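Please read it alongside the model.

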Amino acid sequence: MKIAIIGSGGREHAIIKKISPQHQLFAIPGNAGMGVPCLDIPVNNTQDILAFAKREQLDFIIVAPDNPLVAGLVDVLEDAGFACFGPRKSGAQLEGSKIFAKEFMQRHHIPTAPYHAFSCFEEAVAFLSAQKTFPIVIKADGLAFGKGVRVISGLEEGLAYLKALMVERVFGESGAQVLIEEFLEGREASVLAFCDGITLKPMLSAMDYKRALEGNRGLNTGGMGCIAPNPYFTPQIAKECQEKIFAPTLRGIQADKLDFRGCLYFGLMLTDQGVKVVEYNCRFGDPEAQTLFPLLQSDLLEIMQACAKQKLAQQEVRFAPDHACCVVLTSQGYPQDFEVGHALSYPPELDICFAGVKRTQEGLCNASGRVLSITSTAPTLQEARALSYARMAKISLKNGYYRQDIGQL
């Protein structure tokens, strides 16, 4: 089969690693560490992607990042006759607009934090100024590369962030509307699920580490590491999620006629009042994909094809009874200012998911904030964690940084 993976990060490299090399793989645009042909086509260049698909007569296309999914790339490709993994534009709204997602949850009685939505800066300022208790959460409505959510500790910080989003437009039109919502206390959990619109099959639970600095301090990032399964996601909590979140979400997708054949990501908070949905994503998480796929024993491509054909009910989804720990290496200063162009040094036999890298005469060098990740699996979390850090210690990058506390409970 000829298969294209849309995207360029560690998540996409993790997908490539799970697909048999007997298939002919392409990455669009990919990165220099993936080891497959990469096409220099931006993920938002729908027409060039479609032209390539036609020229190569692709058999299957995996659309991994949020932006092209929200923009409707799957709609265009499927309408042209190409089989795809990934929701169409209607389903991708669950991630593309946080206001849409909140209204969806309200409509289908899915537990989430109380919120208020604003499209007027002055009204948002007035509402925030009237708040008596902090912290509080402010979210850009649209996509913001995982960085549009901020926990606000006081009024001055909140006013500055509202101005950055709604006036200065640091995230462009994604900040034209904002949510201000109640801060939820508890343990975070991520549950990714395969979904074909008829059937939903959850994967193992995971715990993502979003904050840039150790001790869960610093700014939100796209993800600094991850472990699976989540040690706080008990069988009792899994049952609660199935009854109050997963099943009602699937019913809501059907009732609202959202075309969702792909990966549905549940960002959850395990509070004293029960499990609540923090957010939906319409694709594999990053670095959750790098963490979960090494534990997946079923054939990933077969699962994806079953989703596309709405035959997921007949498809096995099985994971090993082990633990996984993923540690992400970043450029020092991420997610703000950082240097690029520094050479990477690592043993060639090391199993790495590359993300923000490019090739120079010196070899691979860092080209973005998140550079690569290492995932190890073992019978216990402690063993998996020790393996990942031992392997990460073999990698050298000037001004490289990674958290030392991933998986440290």
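Axes are lines fitted to C-alpha atoms, and angles run from 0 to 180 degrees between N-to-C directions. The model is predicted. Helix α1 (residues 10-18) lies across β1 (2-7), β2 and β3, and runs at about 160° to β1.

**Sheet**
- The open sheet consists of four strands in the order β2-β1-β3-β4, with parallel pairing.
- Its edge strands, β2 (24-29) and β4 (84-85), each pair on one side only.
- Two bridges join strand β3 (residues 60-63) to β4 in the parallel sense.
- Opposite F85 in β4 stands I62.
- Helix α2 (residues 46-56) also packs on the sheet, where it touches β1, β2 and β3; the direction of α2 makes about 165° with that of β2.

**Helix pair α5 and α6**
- Helix α5 (residues 89-96) packs against helix α6 (residues 98-107) at an angle of about 100°, and their axes are 6 Å apart.
- The angle therefore makes α5 roughly perpendicular to α6.
- Q93, L94 and G96 of α5 meet K98, F100, A101 and F104 of α6.
- By class, four nonpolar, two polar and one charged residues make up this contact.

**Nonpolar cores**
- The largest nonpolar core has 47 residues, and I61, L77, L94, I245, F266, L268 and Y280 have the most contacts inside it.
- Helix α9 (residues 235-255) supplies the largest share of this core, six residues.
- Leaving aside residues up to four places away in sequence, F266 touches A189, S190, V191, A193, L200, I245, F246, T249, E279 and Y280.
- A second, separate core has 40 residues, including A14, L25, F85 and L312.

Notes: Residues numbered from 1 in each chain as written. Predicted model: local features only at pLDDT ≥ 70, side-chain atom pairs only at ≥ 80, totals over all residues. Heavy atoms only, no water. Parallel < 35°, antiparallel > 145°, perpendicular 65-115°, else oblique. Contact = heavy atoms within 4.5 Å. Nonpolar A, V, L, I, M, F, W, Y, C, P; charged D, E, K, R; others polar. Core = buried A, V, L, I, M, F, W, Y, C linked by side-chain atoms within 4.5 Å. Buried < 20%, exposed > 50% of the residue type's maximum accessible area, 1.4 Å probe, protein only. Pairing = 2+ DSSP bridges.
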